[in-house]
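Student: I am new to this structure. Could we go through it in short questions and answers?

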Amino acid sequence: MTRFLLLFAVLLAFCLALMAAMMAQYGYSLFAPEMRNMLLVAFLVAGYVSFRISRIIARRKQRLEDNPQPDGAGKSKLSGLFSGKSAAQTAREARVAARRKKLVEEGKLEEVPEDPQPVAENEGPVRVAQSASIKDRMAARAERVRRAKEAGKLD
């Protein structure tokens with residue numbers, strides 16, 4: 001409730017300030033008796049928007065409490081905007097994982113290794129920045145071609 005009242009006060013002040021400034025440009029006063037309907041509309045809009053925002057925040061908080069994220073993810077105030085999976089996406093991932101496990105057990109699918117083979121450390125980089133000199137880019141390309149020939153990918 002405190003969140004709603006705080007949002008309502010801020011939105012109402014912002015809305016009234018913008019409306020008063022716009023009407024002052026044309027020589028009208030927002031607080032004139034003829035503008036009661038405008039004040040009512042500003043009051044109702046601020047109330048509706050603050051109610052919707054407070055409900056969205058409460059729902060996100062409840063969802064985080066029901067399904068806590070690993071390693072504290074989702075604890076920051078902006079994490080709800082940039083992370084998190086929907087319930088449908090989580091359910092789909094669980095179905096896919098169960099299906100994959102079943103196919104591996106039946107022998108129809110090979111187990112996927114957890115981490116691919118690491119690249120040997122003594123081999124130099126194969127890619128260079130596009131802004132690198134022509135000489136460096138051509139050397140990197142020659143190295144990629146050499147490795148592809150060794151791997152049997154090129155004739």
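Student: Is Phe-8 buried or exposed?

Tutor: This is a predicted model, where local features need pLDDT of at least 70, side-chain atom pairs count only at pLDDT 80 or more, and totals for chains, interfaces and linings use all residues. Residues are numbered from 1 along each chain as its sequence is written, and side-chain values use heavy atoms, leaving out hydrogens and water. Buried means under 20% relative accessible area, exposed over 50%, and partly exposed in between (1.4 Å probe, protein chains only). Phe-8 has 15% relative accessibility, so it counts as buried.

Student: What kind of aromatic pair do Phe-8 and Phe-43 form?

Tutor: Rings of Phe, Tyr and Trp (its six-membered ring) pair if their centres lie within 6.5 Å; planes under 30 degrees apart are stacked, over 60 edge-to-face, the rest tilted. Here the centres are 5.1 Å apart, with 90 degrees between the planes. The pair of Phe-8 and Phe-43 is edge-to-face.

Student: Which helices hold Phe-8 and Phe-43?

Tutor: Helices are DSSP runs (H or I, at least four residues), numbered from the N terminus; strands (E) need at least two. The two residues lie 35 apart, in distant parts of the chain. Phe-8 is in helix 1, and Phe-43 is in helix 2.

Student: Why is Phe-43 classed as partly exposed?

Tutor: The class lies between the buried and exposed limits. Phe-43 is partly exposed because its relative accessible area is 43%.

Student: Which residues form one aromatic cluster?

Tutor: A search of the whole structure finds 2 aromatic pairs. The rings of Phe-4 and Phe-8 are stacked because their centres are 6.1 Å apart and their planes at 15 degrees. The cluster is Phe-4, Phe-8 and Phe-43.
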